[in-house]
Every structure is written in structure tokens, then in C-alpha cells.
Protein chains: 2
Amino acid sequence: MVDAVDLPRNEEGIGAALGILKQQFGEKCQTGQSVREQHGHTTTWIRTQAPDAVIFARSTSEVSDIVKVCAAHKVPVIAYGTGTSLEGHVNAPAGGICIDLTEMAEIKAVHAEDLDCVVQPGVTREQLNTHLRDQGLFFPIDPGANASLGGMAATRASGTNAVRYGTMKDNVLALEVVLPSGEVIRTASRAKKTSAGYDLTRLLIGAEGTLGIITEITLKLQGIPEAMSSARCSFETVTEACQAVMATIQYGIPVARIELLDTMSVKAANAYSNLDLPDTPLLLLEFHGSEAGVTEQSEVFGQIAEEFGGSGFEWTTKAEDRNKLWQARHDMYWASLQLRPGAKGVSTDVCVPISRLAECVTAAQDKATELGLLSPIVGHVGDGNFHCLPLLDMDNPAEVAAGEEFVSWLNDMAISMEGTCTGEHGIGQGKRSYLIKELGGAVDVMAGIKAAIDPDNIMNPGKII
Amino acid sequence: MVDAVDLPRNEEGIGAALGILKQQFGEKCQTGQSVREQHGHTTTWIRTQAPDAVIFARSTSEVSDIVKVCAAHKVPVIAYGTGTSLEGHVNAPAGGICIDLTEMAEIKAVHAEDLDCVVQPGVTREQLNTHLRDQGLFFPIDPGANASLGGMAATRASGTNAVRYGTMKDNVLALEVVLPSGEVIRTASRAKKTSAGYDLTRLLIGAEGTLGIITEITLKLQGIPEAMSSARCSFETVTEACQAVMATIQYGIPVARIELLDTMSVKAANAYSNLDLPDTPLLLLEFHGSEAGVTEQSEVFGQIAEEFGGSGFEWTTKAEDRNKLWQARHDMYWASLQLRPGAKGVSTDVCVPISRLAECVTAAQDKATELGLLSPIVGHVGDGNFHCLPLLDMDNPAEVAAGEEFVSWLNDMAISMEGTCTGEHGIGQGKRSYLIKELGGAVDVMAGIKAAIDPDNIMNPGKII
């Protein structure tokens, strides 16, 4: 629906490549309508654009083989992990071959002594963390969905823990990548830091599969903290909650998570997760450290919250209580949908300097009200990043138009505040026009890099650029 | 001397560009031999290659003007900060114009509430930290030299604090860059995180001026910790010291600094800085946090050190005592030179997974001994990064050859251990052959990016690629 323009199809090339790939991959190359549509389906309001075939690759050399065939025939190649991206990243606007990487799900090595591991792209974050738990290690990036680590790298994912542990760009040491030619490269060594040439690792992270397909990832790991505590505190207004966030970050408390739920989200959580939180904006926090450390952090936050009129401050190290609150936070998408059963929730994200956060969130609430939209807000507010979820009746064109106006307004507002049109969802198809508004001539440089690395534009065409 | 091959000069273009630039910049365009040689002089054993002129730029638009003239005449342009790079980064192997950025030294904005600031490239880290002190903020990256922040970004600098605060790649939010065409772009917004397109910020950081000239930097800042403590502990062997480092990192102690001095370095420090440290390998640490936090960190480290035979463990929060030790660490280069007055100290760096650190350091010591070289070692060992400083009589060709063999051997050893030929010094001219050994086909991708962005190869030619 939004910005899902079809691109010219290379029918001859697609036919030729498909013939070869069917022979080469047999049953692993699927062309049934449902599997194709599932792989070209976004979780948002962007129209499905199915690829011509889906191949379930089992190794780097298979990915390389597929790409070589597609390169020879100038056919699009789209990498697919768990399909949880939100801006039409996996759509196939010019058709082509989708490479499903979920069967490349081996954890190849865990180097506990180096705090790193090597995984295939189809490994999900939950699979990895389950595997690591016995060794006292974890991988901190948590975008909510149980996404694949290849997809998380390709989209520069982050989520609730980013305020403490950074985003995927900060937690990947090296990548193995299949280039548009089919050639396989490694971007870096396993050293913790490097000054060896251009940072291809970071260039590929967030390139959304437009420059190559990630076939192996070397990830930094963290020791599971000795202690964790969670805290919650309610505020009269979003402004006061955001001021408390700003003070907490400025004070230097190394919060592991600091999440905002606006009043509408709190009501949704109360109903869905059977909680009895006060119906006002809420901050939900997590602290990692030593026993003494998390106690200190929790208590200092409590004092800061009080300064900004916080009420109902509670903190706990009990796993059961902590999990209940964080489960409610993770269920916010489903809880929000229950505010208006049958409506489509269109998740969008922006990120602004934290000094502008209160202003931006409040303005977004006002704008939604002005447009007659129900749009709960949650945010990874320690980074100035928040999500709006307009709940739309997709059969009502006026309401969809209002939703589009809202998203457009929100992106413009964030950009005008020296922020970005996307803190963590990425550009995909949906935000290409805002990328140009945000970065102007830098997008030409991106296009130049794309043309240099992928001259025939076969890698996930129609995304970012 | 090492790898400083002259490249073909575009005499006609240089003459034409110089004529225009002299007229345009008057006294700001200098062609005297001493200023030219100073700007093409490396601090190491790589031969000086002077540019044809040095222009002291005062603004982004002046940089853009210079680059446009050079682009029109296909003349090399080399950015210059403080000239403290170590691998021939500022050499002019094909002549051309050096742009000295030291007069672009304005701190344009400090956004204390957002923990960021905007600086021109000639601002040095000490200048910035002096400016920030009253606001309770600091910029953590400390490569030793009082380098310019533009140069630090261009070379992806790091140093002693990187184990806690990361490298330049982790502490820059956005760049303003003059492209090889003279066009000016911004790579990102001021948001703390972003998924908006290719990560041009990270691509430019560490590109050593080969893709563009950095004319403005938006930096992340940190609050000055409530408390700091320093600790020191001596060990019988480098292996035990490294094992203590590994255990400290694995335990999750958020050390701000953890530095190794081998026995030879300790002796040099004792003599130069009038200390009485035991003549055995030493770890020097710094902890940042709350009062309770640094006490806890220091004491836990003490217990770990004891497990590995550490002796003489002491820790203190007294600024005077802390500064004395860290000053000695910062003076190590000068202290080491006193081990052999008149010799040239050739600083080289590698970085390996921390599990291989003891083995790599020990092997380096043995190799130096085998080659008859005096080569003290210090290291930012929390990252697996260390420096060797062979002290060479440059008038003795056999010794210089032994030095070259040592450096070559060290790079190969690091690469064979899944490490990198440079953790923080960069590639410049000196390490180009090792970059290819380390990353193979990925270097072709770098070359493709270089050709796309700088088709006439005017930006710092002969470096990295």
C-alpha cells in the first residue's frame, strides 16, 4: 500500500535462472504461491510483493551458487530471515529469488574466553541465548521479535537493551558475506578492535541486504550480570517521565533498559496482561551489575524519579516479578491491538536527541488526537527512540490517509529536531523519501557505493536507495 | 624507508592548481620547504614525502574550495591534523596539496543534556576536555598523543580507555565531510542511534582521508564519573598478567583502563619517571563509577590478581597517586627511548583475541630476542591490543632489516591468531601488504568503494588501498 511500487521485471532472466536453480536445488527451491507470498509479506501495511521462488539454503556455498546464477542472469536476490522487519524489507518489487536462511542455523563456535561467538545467519537470538546460558553468557540485543541474527545485522537492529549495550553495529566483530558476484569475503578478524582498512562490517550492518548476503556473523557476548533488578515508576505526564529519563542518563546510571509507556499503552497493558498499573505514563527500568551495584542504581533512580513527581516507585531483584513486567512490555504490540480489535497496528519509529524527546512524544500524541487516530506510544527512551502504533481500519480510506499523514508528519518532526526518521526499523521501501529529506546528498554517496558493489542492482532492489 | 614508494606526479595539474590556490589563499598557502617537509613527515621510520603546498584552511567552505580546485586538476589532497599518525598517513607520495586543519579548532556546540558536542576537526582532545570539565563532562578516547579529533576520527583512534568506552567508531554520532568532488555532506543526524541507510559515519571513520575530508564531528560525551580509582599489580610473568586480564574481562568488571607493561617497559618507567616498581610485568588499571562501585571493582580485581600470583597490589582513589602512575604510562614512549639513547623507536601495533594475548606477547618477546632487538611492549590488553617499540640504530642496515623482519613476523603472527595487523594505528602506507594478507578479497571491495567515491584517486593516494 505505502510506497510499494512495482519495478520492471527481467522476465527472461528470471525464467532462465529459475530453470537452473530448480534443477540445482530440487525441493529446496519452492515456487508455490503461499510460500512465495509468505516470503514477500511484511508485517505492516505495505502491500505484499512475492518473489518468483524461495530457496532454502543450507550453506555459504549454496548461497554463493544461487547468487552466481542470479548474477549471470541479472535477477534480484532477497535474503530472508524471520520476516519480522517492518518497512517492506523482504518485498520483491521486481520479482526474483528469495533466499531463506532459516536452515543455516548452526552456532559454529562459542569462544567463552574471548566473549565472542560465530553463528550462521538463521540462528535466532533466543536460540543463541538458550545455548549460551549454561556458560554464563548472553547476547544482549533484543528487538522484541525472536529475529534471526542475520536479519538483525542486516537491519542494524537494537531494542530495549541498546541504551546499555548498543545496537547490532556495536556487537558484531566480523561478517562473512556473499557479494553480488557470488564471491565470499570476510570483513574483519576476530580481534576486539581494528583499524585495518574501511569498516566493511559496519557498512554491511544496516545495508538491508542491498550490498551482499550475510552468511556468518562473529558476535560480541556479555557475561550474565551477577545481579539484575527491575524498577517501575509512574508519572503525571509524559514530559515529567522524559525529564526523569534525561536526568538518569545524565547522572550516568548505566541503565540496561529504560522504557516509556504512555497512558494509552499502560491501559492496554493493564487490560492485556492483567496488571493494575496507575493509568498514567510509566517508566520501566532494568539494572545490571553486582548485587550492591543494582541496589545503588535502583535507589538513585528512585530519588531522581521523585524529583520529577514520580509515584508508585518499586524495584525488585526477584526474577518472577521482573519477568512479569517485562513480559507485559514485550506483549505491548498484542496488547495495543486489543485497544481496537480488528484494526491494523502500523508500527513506526523515530529517534531524536533526548533533550527533544518530551516535546516530540507530546506533539505526536497531540497530532494523533488531531487526526482522530488511536496511537499508543512506547519507547526505548534512554536513546531518544520511540514507537507509535496507529491502529487503523484498513477498509476506511480516510483513516488510512490520516495514518499516512501521521507517519509523514512524525518523520518530518523528528528530522526537524536533529533526529532521524528511523532509530531501529530501517528504511526498506517505506522510508526512502524520508531518508533523502534527512541526509540529502549523502544518499547519492550511498547510491554510488551500491552501484560500485552491485552494478546490476540484483541485491534486494528497491530498498534504501 | 619502509614501503614509501613514490607515485607518478601530475606535474601539469599540480602547477595549475597551485597557481590558482596561491592566488586564492595568499599567505595561507605555504610552499616553503620546511613547512612542506613537516607536513609530510611521519613520526616513524617511513621516509618523508612532502606535499607541494600546505594550506591552512579556516572553514568548511575553504576546504571545499581547495578540493574543487584539486578535483578539477586531478591533484592529490591530504588532510593534516597534528601529524601524530604512525603509518605514513600524511605522506604525499604523488605530491599535491596538504590541507592543515589546525585552525579549524572551534567547539561549535556542547549539548550537555544530550551528552554530545559538535567540533571542528582541528580541536584536540585535550582542548575539548579542558572545555568540558566545568560541565562535568568528558570525551573518553585517549590515544596518548594530544591528537586532533578530526585525525582521530579519520584513523579510528582508540587507546587506553577503549576497553570501557570503545573506539572513535563508537563515539562519533555524525560527520560533515567534504567529498572528492568538493561537495559537502552530513552522514547522520544527532540522534543516539539510527537505522537510516548505509552507515557512512563508520565508513568515513578509519578511511584515513581517502574518501573525503572530515570538517565537523558530532561526538558522544560521558559524564565525569563520581569516583575513579587506579590500581597496580605486578606479576611473575607476562602470561600470568595476561591471564589476570582475561579473568577480569570475563568476570565483567567494567574496567576503564587495563594496561600491561612488560619487564623492559617497567624498567624504563622506573628510570624515566623515578618510580620503584618491581622489575616484573605490571598491570595498571583504572576504574570509573560510584564511590562504592570503584571500591568494589578494585577489590574484586585484587582477588583475581592474587589468583594469578599477582604481588604488590595497591589501589587508590587519590588523584595525585593516580596521576603519577598514568603520567608514567603516558610517558612510556619517551621512557623507552632512554633505554637506548639515539635509537629510533618504531611503534607498531597488533590486536588479537584475548585468549591468544599471552602467547602472542611472549612470542613477540622471544622473536625480538632472537633477532637481537631491544623491543619493550606495552598494551591496551583488555582489548587484546599491544604495541612493540623496537629501538633501532637507523644507521645499521642489518638492524633495520631485523626490525623489518620483526614487524613483518608480528603482523603475520597476529593474523594467524585470528587477530588484526593493526588494532589502532591504521594501515597508511606501512601496512598495506598486511591488510591484503588479513582480509584478502574484502580489500577489492574497499578498492571498489574508493573508485566509486574518488574516481580520480585524489584523496590521500597511496594509503590503505
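Author: The centres of domain 1 of chain A and domain 2 of chain A, taken over C-alpha atoms, are separated by 23 Å. The model is predicted: local features need pLDDT of at least 70 and side-chain atom pairs count only at pLDDT 80 or more, while totals for chains, interfaces and linings use all residues. Residues are numbered from 1 along each chain as its sequence is written, and chains are lettered from A and ligands numbered from 1 in the order in which they are written.

The domain assignment of chain A gives domain 1 (11–102), domain 2 (107–223), domain 3 (227–334) and domain 4 (337–439); such bounds come from an automatic or database domain assignment. Between the domain 1 and domain 2 of chain A, 16 residues of domain 1 are in contact with 22 residues of domain 2 (contact: C-beta atoms, placed from the backbone, within 7 Å). On the domain 1 side, helix H3 (60–72) and strand E3 (77–80) of chain A each give two or more residues. Helices (H or I, at least four residues) and strands (E, at least two) are DSSP runs, numbered from the N terminus. H3(A) supplies the largest share of that side, 6 residues. By class, that side has 7 nonpolar, 8 polar and 1 charged residues. Here Ala, Val, Leu, Ile, Met, Phe, Trp, Tyr, Cys and Pro count as nonpolar, Asp, Glu, Lys and Arg as charged, and the others, Gly among them, as polar.

Next, the two chains. Their contact takes 75 residues from chain B and 75 residues from chain A. Among the elements of chain B that give two or more residues to the side touching chain A are helix H11 (291–307) and helix H17 (442–453). H17(B) gives the most, with 9 residues. The side of chain B divides into 32 nonpolar, 26 polar and 17 charged residues. Of the interface residues of chain B, 100% are also interface residues in chain A, so the copies meet through the same surface.

H11(B) also packs within this arrangement: its buried residues lie against helix H11 (291–307) of chain A, and against elements of chain B including strand E12 (227–234) and strand E14 (282–289). Those buried residues include B:Gly293, B:Val294, B:Phe301 and B:Ile304 (buried: 20 or more other C-beta atoms, placed from the backbone, within 10 Å of its own). H11(B) is followed by B:Gly309, whose phi is positive, near 75 degrees.

Conventions:
Two residues are in contact if their C-beta atoms, placed from the backbone, lie within 7 Å. A residue is buried if 20 or more other C-beta atoms lie within 10 Å of its own, exposed if 12 or fewer, and partly exposed in between; C-beta atoms are placed from the backbone.
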